[in-house]
Amino acid sequence: MGIVNVTPDSFSDGGLWLDPAAAIAHGVLLQSEGAAIVDVGGESTRPGAEPVSEEEEIRRVQPVVEGLASSLSGATISIDTAKASVAAAALAAGATLVNDVTALAGDPDMASVVASAGCDVCLMHMQGEPRTMQANPSYGDVVSDVKAFLEARMAAAVAAGVSEERIILDPGIGFGKTVNHNLELISRLSEIAALGRPVLLGTSRKRFIGAVTGADTADRLPGSLASAVLGLERGATIFRVHDVAPTLAALRLAAASLRPSEWKPEGEF
Ligand code: HH2
């Protein structure tokens, strides 16, 4: 999953793809590098980010989703939003996956938008809300707490009419978590994978990588690759990343080493 942030303030690429044509071109590039999913977001969720109105968010993402729908061949378009109206506009414009960092709990209308569209949905764990989530994150056992939350949100989604086979789960790296919480979640990701749904891991360039390696945002690719490889080994199957080509290369090598008998030349990952 390649990231296209149509925002002025995203933590690593804010302002780069605000122009719809530039955002569309970037999504096309990410697909050419091997992304199977292109995730379009119009509101930054970085710690401390200010909320964006729904009109402004739709204004940012709708032309990009529309443009990608006619420019991408075969890749899934994902909309990264917590707002039902934004999700509905993006689904109408060609998106088929709703990536909701509030796991359908942020907007009372989101579950019904997803259920009636019959689209795929990613349910992510977050403690608190972006403006304040890094103030003092605390858990009993972070992995058990995140797992219980995801299980409950999955049950709520199914109760609202979302089919279970459409659900992707995400521990929400960096969302209301200390460095240690993030490391623990990666280390024990298999416990989340045991819920039986595909697991999405979003570690790309995040702050905990800087804390461990000392690298600034622009220099966090090596740490991002290490976390993706570890995540693969522990059951993640979708990787939300800024740097698609190097991530795919690292995952290909890791996957081939984990299952040598399944590796074939020219094989699709
Ligand atoms: N992380 C970010 C945004 N959306 N969605 C999912 N499912 N999982 C994540 O880990 C995740 C996410 C934050 O990263 P980014 O989009 O690069 O920055 P920003 O929120 O500042 O736009």
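Tutor: Contact here means heavy atoms within 4.5 Å. The model under discussion is predicted.

Student: Which residues does Val-40 touch, not counting residues up to four places away in sequence?

Tutor: Val-40 is one of the residues that touch the most other members of the largest nonpolar core, which has 65 residues. The largest share of that core, seven residues, comes from α3. Leaving aside residues up to four places away in sequence, the residues touched by Val-40 are Val-4, Val-6, Val-61, Val-64, Val-65, Leu-68, Ile-77, Ser-78, Ile-79 and Asp-80.

Student: Is Ala-95 buried or exposed?

Tutor: Ala-95 is located in the loop between α3 (84-93) and β4 (97-100). Not counting residues up to four places away in sequence, Ala-95 touches Val-65, Ile-77, Ile-79 and Ala-90. Buried means under 20% relative accessible area. Because the relative accessible area of Ala-95 is 5%, the residue is buried.

Student: How are α1 and α2 oriented to each other?

Tutor: The axes of helix α1 (residues 20-32) and helix α2 (residues 54-71) come within 9 Å and cross at roughly 40°. Angles under 35 degrees count as roughly parallel, and 65 to 115 as roughly perpendicular. The two helices are therefore oblique to each other.

Student: How many residues of the contact of α1 with α2 are charged?

Tutor: On α1 the contact is made by Pro-20, Ala-23, Ile-24, Gly-27 and Val-28, and on α2 by Pro-63, Val-64, Gly-67, Leu-68 and Ser-71. These residues of the contact divide into seven nonpolar, three polar and no charged.

Key:
Residues numbered from 1 in each chain as written. Predicted model: local features only at pLDDT ≥ 70, side-chain atom pairs only at ≥ 80, totals over all residues. Heavy atoms only, no water. Axes fitted to C-alpha atoms, helices over the stretch in contact; angles between N-to-C directions. Helix = DSSP H or I, 4+ residues; strand = E, 2+ residues; numbered from the N terminus. Parallel < 35°, antiparallel > 145°, perpendicular 65-115°, else oblique. Nonpolar A, V, L, I, M, F, W, Y, C, P; charged D, E, K, R; others polar. Buried < 20%, exposed > 50% of the residue type's maximum accessible area, 1.4 Å probe, protein only. Core = buried A, V, L, I, M, F, W, Y, C linked by side-chain atoms within 4.5 Å.
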